[in-house]
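Please keep the structure below in view while reading.

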Amino acid sequence: MKPLFKIIAVCCLAVLFLGPIATAQKGSQATIPATTIAPSGPYHTYENMTTMLQGLATNHSDIMELYSIGTTYEGRTIWAVKISDNVHEEEGEPQVLFMGVHHGNEKPGAEVCLRFIQYLVETYHMPDTDNDHDGKLNEDPIDGVDNDHDGLIDEDPSESYVRSLINDTEIFVIPMVNPDGYAADQRENKEPNHGSFGLNPFVTSYGVDINRNYGYKWFRIFLTPQLYLGSTGIRDYSTVYRGPHPFSTAEAQAVRSLVDSHNISIAISYHTYGQEILYPWGYTRLPPRDITTFRSIGKNISHIDSYVLSQSIGLYPTLGDACDWMYGEHGIMAYTIELGTSFEPTNSQVVHDLCWLHIGVNLYVCDCARTMGHQLG
Ligand SMILES: [Ca+2]
Ligand SMILES: [Ca+2]
Ligand SMILES: [Ca+2]
Ligand SMILES: [Ca+2]
Ligand SMILES: [Zn+2]
């Protein structure tokens, strides 16, 4: 081979190898600082989650509170977590809410919430740290981008930024809205149904889709059933059965009790899958009145996770979902994020990367609530 050909061949090989590596890094190679989280298989069981949350709440009782917001049909506690400075007081700081697992077979949502909680409480007392030991401090925040061009993505986020968010906001997390469904690895909860309208004395089937059980515009199904029936079940044997009446389930009641008794400004409800960021409405093609704000916050989330932003009804029309209710009833800027490319990825690294990237999303959302709060105040 002549020298010139050699050089060209080497260059071609370099492009072949380096090109795909360089492009594949976007959002896929996130590295969690070794001091925080040791991944151990993709998913916690409900029992493991409970143990983990109790341990974190005990060890970080100055900034983390763990409490029950309800009990499921099978007797499991629905846990809520609050993280803030002076955590046992309501200080009038901007409030945000993160939720996972309305659907029991969509497990990554719980992991995103759990690892976010762990990251927050374990970072709070850390001094600013050069996580990657390169002599530069906090040079690469969790935003899916290699800000310092060192080939690693998001390897050295700012500890003081996390601390300031915890000090300035009140962060609520319900990692597992539907623990019975999660334990059974099924979409719905496990409660017995007594016919489609609850009038049958005998048990006719089991399970309600929690994310069809919220009360906003619930009765519209009788106006235009053809629009909704593909994705909102009126029959009790449907896998998307919405229950006999609004807020019939312990799970939707639990979320309602938390939301009704606080002043949440932004909320994220995690589902799988589709790599989508969805804002209300799900019940109509009309845009929400806050479309400009929904899209500007949504685009910033999309800059971090590279997901596609659209109105919820674009996925399919739904009645009774959590985000329509939070926005319609309380004016909360409520998003559904459809994580990943499958319901339950089995690869721990895939789940780990989803979690890390959405820790970045969640931090942004807290920051956003803080900014909005200052604008309002
Ligand atoms: Ca560094
Ligand atoms: Ca750092
Ligand atoms: Ca970097
Ligand atoms: Ca970064
Ligand atoms: Zn879902």
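This is a predicted model: local features need pLDDT of at least 70, side-chain atom pairs count only at pLDDT 80 or more; totals for chains, interfaces and linings use all residues.

The contact brings L120, T123 and Y124 of helix 3 against E159, V162, R163 and I166 of helix 4. Sorted by class, the residues in this contact of helix 3 with helix 4 are four nonpolar, one polar and two charged.

## The sheet and its edges

Eight strands form an open sheet with mixed pairing, in the order 1-2-4-3-7-10-8-9. Strand 1 (64–71) and strand 9 (308–311) stand at the edges, and each has a single partner strand, so one side of each is left without a neighbour in the sheet. From one strand to the next, the twist averages 20 degrees.

At the edge formed by strand 9, four bridges join this strand to strand 8 (residues 276–279), and the two run parallel. Within this pair, I277 stands opposite L309 of strand 9.

## Helices packed on the sheet

Helix 2 (residues 46–59) packs on the sheet, where it touches strand 1 and strand 2 (77–83), and its direction makes about 140 degrees with that of strand 1.

Helix 7 (residues 250–260) also packs on the sheet, touching strand 1, strand 2, strand 3 (95–100), strand 4 (170–174) and strand 7 (264–272). The direction of helix 7 makes about 135 degrees with that of strand 1.

Conventions:
Residues are numbered from 1 along each chain as its sequence is written. Chains are lettered from A and ligands numbered from 1 in the order in which they are written. Two strands pair if DSSP finds at least two bridges between them. Axes are lines fitted to C-alpha atoms, for helices over the stretch in contact, and angles run from 0 to 180 degrees between N-to-C directions. Two residues are in contact if their C-beta atoms, placed from the backbone, lie within 7 Å. Ala, Val, Leu, Ile, Met, Phe, Trp, Tyr, Cys and Pro count as nonpolar, Asp, Glu, Lys and Arg as charged, and the others, Gly among them, as polar.
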